[in-house]
Amino acid sequence: MARFGAHGSHFDGCYAVTPFIQEDGTRSLDMEKRLFLAVFLSIAFLFAWGALAPKLFPELARKPATPASSQAPTAADAQPTDTGGVATALTLDAAEAAPPIPPAAAENIERPVVRSPLYRAVFTNRGAQLTAFELLRYPKRSGGEPIDLVAPRAEERTDFPFAITTSDPRITHLVNSALYEVEETTLQKGRSLVFRWAGEGVAVEKTFRFDPEDYLFEFDIRLEASESLSWRVSIGPGMREILPEDEANRFIGVGNGIIQQGGDLDSIRRDKEDEFRFFPGTPEYFGLHDNYFLTVFRPSRGSGVVFLPIRLVTGAPGEDERGRQELYAAFNASGNRASGVAYFGPKEVARLDAHGFENTLELGIFGFISRVLLTALLWMNTWTHNYGWAIVVLTIIIKVLLYPLQHKSMVSMKKMQQVQPKMNAIKDRFKKAKTDPDQRQKMNLEMMKLYKEEGINPASGCVPILLQLPILWGFYTLLSKAIELRGAPFILWIADLSAKDPYYITPLLMTVTMFIQQLITPTTVDPIQRKIFLAMPIVFGWFFKEFPSGLVLYWLVQNILSIIQQMIINKYWSSHPPAVEKGA
């Protein structure tokens, strides 16, 4: 039994909006530099937040649960009754009456296995628990072995999924260590496993029904006892093995808790949680998950969910007891029954939508954009048969859709560069603008008049950036959460679009293209600000080096297309300046 323990030049058009016009028509020269610094820091913060959000956001978005003690819980602690948590008797209503569980036990350990094209589920008759659930279509990144959604531990331990915890420690140990009689049945569609054990005034029957074409399976558990007991059924503790590549990837959090009630999703961090938490009522579902995989229960009989951090010990009893902090999750039985369906499988969008688990993707504030992009990628992949090329095609489409706005931004920058001498002349005439509010107001009015005469919109450089950032964030989120892209190769050295470029080639190319774009983009900033902008590609390259290579690929293709677009505009402007539209 487990022991309970206490996120270049793309931005130059936006930065070069001068002068800074306030609502009252006044202007402050020193506000320009403050604006540049503020935007620069905001962008840096955005990407830093993107890097930290997978670890911080679930905790920040968490809704408070009912306060509870941090002491080791029993089933009675989480029983929502009028007696303040006193265990309730196992009393059957007439409508719930079922044949008594006959005396049953096994003499030897058995390990029944359920196989399908999707998974391989392994049980043990010691406690009638699930010891392995291998996803045959999803191998580990480091090798060909399939992912096992049950956290590893010695088989001698009695804390696997579907273990029972009762208000009597003696009975808890008894029902989880006894050898159950096993009955296997082939159904018209799928298989059924029934485990039975009875002895010492307690009888338990656990039934599991599997569909070979889905990861969803049914479970029904009965416990009859000669004394009053409250009890619950656990999922976990822990979820799958935490591999070295998972530890090195800061975007993946394995084994976090999740619960949905009334359409609202709560997340519980495995490595941050330090107290017993109880959620009353019957949830829509609850369990454990990471970026790509999900193990949840959807109870049909039972209410009240418990989450508790424990030390999961992987060795056999009596060996090294240090272990690792994991989450224990369980729900209370209703009378003598606890039943529902369980989902042990990947976060494939189609399956999640079909089963009502779509919120577990946790796509964040721009989730709608991420879903649209993911849907588009999945459709394009049916034509490209390569998610990398699908990203390239989608980037081109996005560039075409944003072309009118980006064209206006680039033309506006060209015009601002052309009228720069006139702007400097106005500044020279109002040398006291820094200290004299009247002079500052007059200079602002002169600047606004100049912009109007030349048909310049100084804010047009910001709009394309404001539109691109949500798209960038949407790409980032789907590439770190969509299992369809996990392990998806592109070309040559890029074997996984959801992981970082192992040789940092794409981040380097992205940095170079951003620098080139900075050099060919018109600007009106002073030399000091120009140097700051030329340093931005290095900053972005540093942020992006650990990001999924698919996200870097998107930004790289975006840079290349922007360079081509800027070169065309530069050449067209020098050859046909009168043809550029007024008021761009």
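How many bridges join strand β9 to strand β18? I counted seven between β9 (residues 216-225) and β18 (residues 337-346), and the two strands run antiparallel. Across this pair, R222 stands opposite R337 in β18.

The model is predicted: local features need pLDDT of at least 70, side-chain atom pairs count only at pLDDT 80 or more, and totals for chains, interfaces and linings use all residues. Residues are numbered from 1 along each chain as its sequence is written, and side-chain values use heavy atoms, with hydrogens and water left out.

I then traced the sheet. Nine strands form an open sheet with antiparallel pairing, in the order β6-β7-β8-β9-β18-β15-β14-β11-β12. Strands are DSSP runs of E with at least two residues, helices runs of H or I with at least four, numbered from the N terminus; two strands pair if DSSP finds at least two bridges between them. β6 (181-186) and β12 (264-268) each have a single partner strand, so one side of each is left without a neighbour in the sheet. From one strand to the next, the twist averages 20°.

Next I looked up α8 (residues 420-429) and α9 (residues 437-454). They pack at an angle of about 165°, with axes 10 Å apart; axes are lines fitted to C-alpha atoms, for helices over the stretch in contact, and angles between N-to-C directions run from 0 to 180 degrees. α8 and α9 are therefore roughly antiparallel (angles over 145 degrees).

Notes
Parallel < 35°, antiparallel > 145°, perpendicular 65-115°, else oblique.
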